Amino acid sequence: MIHYTMYSSQIIGRRESQQDTIMSGPLFDRFELHILADGMGVQVGVEQAGKLVSKTVLDHLQDVETAEQLTADEPRLLHQALEFSNKALLRATKASPELAGMGTPLLAVLYDRQNEHFWLINRLQQVFYQCF
């Protein structure tokens, strides 16, 4: 049996605002979703990018009709969520040219409590990992 505890903490540091986006919570009755979009402070629009990417991933996974559908096709649905977040960033930069070049690294963890496994999205490498 897998046991874990999720902790989060944010430090603004020298920045004027918090640029990291952290989302964490239940998804259906059997999943937990944890998202971190790291505001690295280098790029334009990094705060907006983190919020947009995180919300897009969450919205896509919440749109799945049943937990069984999510379980049956986790890799494809996670990949779609990542693709949709990329498209959302592109639309935002086209709508607001001053945000051209915005982006954010993304780490998302989907935990299936029933089957006791994790799926991880790493946006830097666009790779999926299943951990048992």
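Begin with the aromatic rings: this is a predicted model, and the count of aromatic pairs in it comes to 1. Select Tyr111 and Phe118, whose ring centres are 4.5 Å apart and whose planes meet at 25°, so the pair is stacked, given that planes under 30 degrees apart count as such. Colour the two residues by accessibility and you will find Tyr111 buried, with a relative accessible area of 5%, while Phe118, at 16% relative accessibility, also counts as buried, the cut-off being under 20%.

Next, select the strands around these rings. Strand E3 covers residues 106-112 and strand E4 covers residues 117-122, and the two pair in the antiparallel sense over 6 bridges. To follow one of these bridges, select Val109 and look across to its partner in E4, which is Leu120. Then move to the end where the chain turns back: E3 and E4 form a hairpin with 4 residues between them, and Glu116, in the turn, has a positive phi of about 55°.

From the hairpin, turn to the charged side chains. How many salt bridges does a search of the whole structure find? The search finds 3, and they can be visited one at a time.

For one of them, select Asp112 and Arg30, whose side chains meet in a salt bridge with an N to O distance of 2.8 Å. Asp112 lies in strand E3 and Arg30 in the loop between E1 and strand E2 (31-37), so the pair ties together parts that are 82 residues apart in sequence. Both Asp112 and Arg30 are buried.

Now select Arg113 and Glu32, whose side chains also meet in a salt bridge, here at 3.1 Å from N to O. This pair links distant parts of the chain, because Arg113 sits in the loop between E3 and E4 whereas Glu32 belongs to strand E2, 81 residues apart. Arg113 is partly exposed, with a relative accessible area of 31%.

In soluble globular proteins, nonpolar side chains tend to be buried together.

Finish on the outside by selecting Ile22, Leu36 and Leu107, which form a nonpolar patch on the surface with about 200 Å² of accessible area together. Ile22 lies in strand E1, which spans residues 21-27, and at 30% relative accessibility this residue counts as partly exposed.

Key. Residues are numbered from 1 along each chain as its sequence is written. This is a predicted model: local features need pLDDT of at least 70, side-chain atom pairs count only at pLDDT 80 or more; totals for chains, interfaces and linings use all residues. Side-chain values use heavy atoms; hydrogens and water are left out. Patches are made of residues with over 30% relative accessible area and no salt bridge: like charges are joined within 9 Å, nonpolar side chains (Val, Leu, Ile, Met, Phe, Trp, Tyr) within 5 Å. Accessible areas come from the Shrake-Rupley method with a 1.4 Å probe; for residues, only the protein chains shown count as cover. A salt bridge is a side-chain nitrogen of Lys or Arg within 4 Å of a carboxyl oxygen of Asp or Glu. Buried means under 20% relative accessible area, exposed over 50%, partly exposed in between (1.4 Å probe, protein chains only). Two strands pair if DSSP finds at least two bridges between them. Rings of Phe, Tyr and Trp (its six-membered ring) pair if their centres lie within 6.5 Å; planes under 30 degrees apart count as stacked, over 60 as edge-to-face and the rest as tilted.
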